[in-house]
Amino acid sequence: MAQSDRSTMALSLPMAGIAPRAHSPGTDVFATPHGFFVVRSDMGCFLQAPECHSPEAVEIRGLHPACWGGEHYVGDDPGSSVCIIRGDTFHRTTDLSAAPSPDALPLHPTCRGGDHYASWGGRFSVIFLARGVVLSVADLTTGAEAEETPLEPASRHGLYYYAPDTTHLAFLGVDEQQGLYSQVFSSSGHQEVLPVHADVVSFLPGGLSLVHRGTFGAWECIKLIQNETDGPLPGSHEITRKVGRVEEKLANWTFSTAGSPVPADLSVALLQAQFSLPPVYGGLGLRTEQEEWEAVAEEGEELRVILQPRQKLYWWQYHLGLGHRPILFCRCLKVTRSPASPDNLPLPWSDSGDAGV
């Protein structure tokens, strides 16, 4: 067996979807006159772009600690502010990189418990998926000028909802042909479907798998030693392996100079989160925080073994990747006497566990 032979095991997965807001706490999308935003509270940062369909000026900025942990982030377009909803109250801020107003504002009872929130045309929309309705109000605190309209069946399966302009609502959806797309809808029935750019998709939970066509985990045979004689054969053998992360640019993002995350740190956090997701969102359900995430380097190790007559030993190393490219070379080595790859996983399950893996 050549050293380059690989076993992809069972952890080679087809393209999967984006994790919806309900399954990714602290993640949300919204739009204001300043552009399209994706908040990743779990990463402590957010993405800002002129629109979600264009690669121009896609910037990553740091999220102020007081803005972390929001259940919903809603762009309030008349004032160019953002409402951060937690429970039955919300705070306003004009910049997610700065602290929000310390005063918590109460949500009106009719506006509580929405699955998604958006703001457009000077009004707020509260989307209740189970009821299949959109509640439109002039003010979240008073519930004034409330109007309910039915949500069309085709619009009930969105992952995230936002208002791209002052006259429309839109939702993000995903399918095999288009990948992640944005679909605009209105009460008049007008609909427009546009693909979301890969630089925006990559920032969403599950997005790296969608852009790179899946994730995988595999054992690779990195060394074969054998005794072709009829007697025991002592010897010393050098095992060379790669350990660490392949430094690959995940997207064409720019980073602001003040308070933005370190690009390498963000890449590691996004990859760790991607591999920990369940397969339905393009992950492997595995935790990798304990692995070596510095730039990949080669390590050598000398092994002394006594091979029995006609014996073969195979040294295997585990790695994880995106698409068809290895990304993370793990420290774990496994020795077998068979050319078949090991059948165990050397990494612990994440909270998503073995669901569907």
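Helices are DSSP runs of H or I with at least four residues, strands are E runs of at least two, and both are numbered from the N terminus. Keep that in mind for what follows.

This is a predicted model, so to speak of local features we need pLDDT of at least 70, side-chain atom pairs count only at pLDDT 80 or more, and totals for chains, interfaces and linings use all residues. Numbering runs from 1 along each chain as its sequence is written, and side-chain values use heavy atoms, with hydrogens and water left out.

The overall picture, then. The chain has 3 helices and 23 strands. Its C-alpha trace spans about 90 × 40 × 35 Å along the principal axes. Of the 357 residues, 50% are buried, meaning under 20% relative accessible area with a 1.4 Å probe, protein chains only.

Points sit on a 1 Å grid over the protein atoms alone; a cavity is a set where a 1.4 Å probe fits but cannot get out, a pocket is an open set with protein on both sides within 12 Å along at least five of seven lines, and lining residues have an atom within 4 Å of a point. Volume is the space filled by probe spheres set on the points, which are joined across faces, edges and corners.

The second largest pocket holds about 280 Å³. It has 13 lining residues, and R40, D42, A273, S276 and L277 are the closest to its centre. Which helix gives the largest share of that lining? Helix α3, residues 263-276, with 4 residues.

There is 1 cavity of 30 Å³ or more. The largest cavity is about 40 Å³. Its lining includes R40, L270 and A273. Again α3 supplies the largest share, 3 residues.
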